[in-house]
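Take a look at the model below.

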Amino acid sequence: MKVWSIKEVSGRSGIISSTVISYARSHEMTTVDFRAIYKLACAFNLTIEDLVEILDK
């Protein structure tokens with residue numbers, strides 16, 4: 001498995017580094033930018049479902 005730096009993830013996904021850092025550090029988020037999640041999924045060759053756990057409340 002390749003380990004990517006924040007800079008590499010940012011560059012490959014087109015998402016600014018501060019957003020990548022925020023997502024990486026947060027265990028639970030109340031809101032997300034699904035465009036950013038989609039870009040991250042594409043950068044890692046994953047689906048959105050692979051990155052996001054949707055909980056019924």
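Is Asn45 buried or exposed? Asn45 is exposed, with a relative accessible area of 70%. Here, buried means under 20% relative accessible area, exposed means over 50%, and partly exposed lies in between (1.4 Å probe, protein chains only).

## Ground rules

This is a predicted model, in which local features need pLDDT of at least 70 and side-chain atom pairs count only at pLDDT 80 or more, while totals for chains, interfaces and linings use all residues. Residues are numbered from 1 along each chain as its sequence is written, and side-chain values use heavy atoms, with hydrogens and water left out.

## The overall plan

The chain has four helices and zero strands. Read along the sequence, the pattern is α-α-α-α. Helices (H or I, at least four residues) and strands (E, at least two) are DSSP runs, numbered from the N terminus.

The chain has 57 residues, and 19% of them are buried. Now take contacts, meaning heavy atoms within 4.5 Å. Among contacts between residues at least 6 apart in sequence, 32% join residues at least 24 apart.

## Helix H1

Helix H1 covers residues 6–13. Which residues of H1 are buried? They are Val9, Ser10 and Ser13. The arc is that of the directions from the helix axis to the C-beta atoms. On the other side of H1, Lys7, Gly11 and Arg12 are exposed. The cover over the buried residues of H1 includes H2 and H3.

Two of these residues deserve a visit. Val9 counts as buried because its relative accessibility is 7%. Leaving aside neighbours within four places in sequence, Val9 is in contact with Trp4, Val20, Leu40 and Phe44. The C-alpha atoms of Val9 and Val20 are separated by 7.5 Å, though the two residues are eleven apart along the chain. Ser10 is buried too, at 13% relative accessibility. Not counting residues up to four places away in sequence, Ser10 touches Ile15, Ile16, Ser17 and Val20. Just after H1, Gly14 takes a positive phi of about 80°.

Which residues of H3 are buried? Ala36, Ile37, Leu40, Ala41 and Ala43 are. Seen down the axis of H3, they fall within an arc of 160°, so they line one face of the helix. The cover over them includes H1, H2 and H4.

Now find the largest nonpolar core. A nonpolar core is a set of buried Ala, Val, Leu, Ile, Met, Phe, Trp, Tyr and Cys residues joined through side-chain atoms within 4.5 Å. The largest one has seven residues: Val9, Ile15, Val20, Tyr23, Ala36, Ile37 and Leu40. Helix H2 (17–25) and H3 are the elements that give two or more residues to this core. The largest share, three residues, comes from H3. Leu40 touches Val9, Ser13, Ile15, Tyr23 and Leu51, not counting residues up to four places away in sequence.

## An aromatic pair

The structure holds one aromatic pair. Trp4 and Phe44 form this pair, which is stacked: 4.7 Å centre to centre, with 20° between the planes. Trp4 lies in the segment before H1, and Phe44 in the loop between helix H3 (34–43) and helix H4 (48–51), so the pair ties together parts that are 40 residues apart in sequence. Rings of Phe, Tyr and Trp (its six-membered ring) pair if their centres lie within 6.5 Å; planes under 30 degrees apart count as stacked, over 60 as edge-to-face and the rest as tilted.

Phe44 is partly exposed, with a relative accessible area of 38%. Arg12 lies over the face of Trp4, at 4.2 Å from the ring centre. A charge sits over a ring if NZ of Lys or CZ of Arg is within 6 Å of the ring centre and within 35 degrees of the ring normal.

## Back to Asn45

Asn45 is found in the loop between H3 and H4. Its phi is near 60°, a positive value in a residue other than glycine. Most residues other than glycine have a negative phi.
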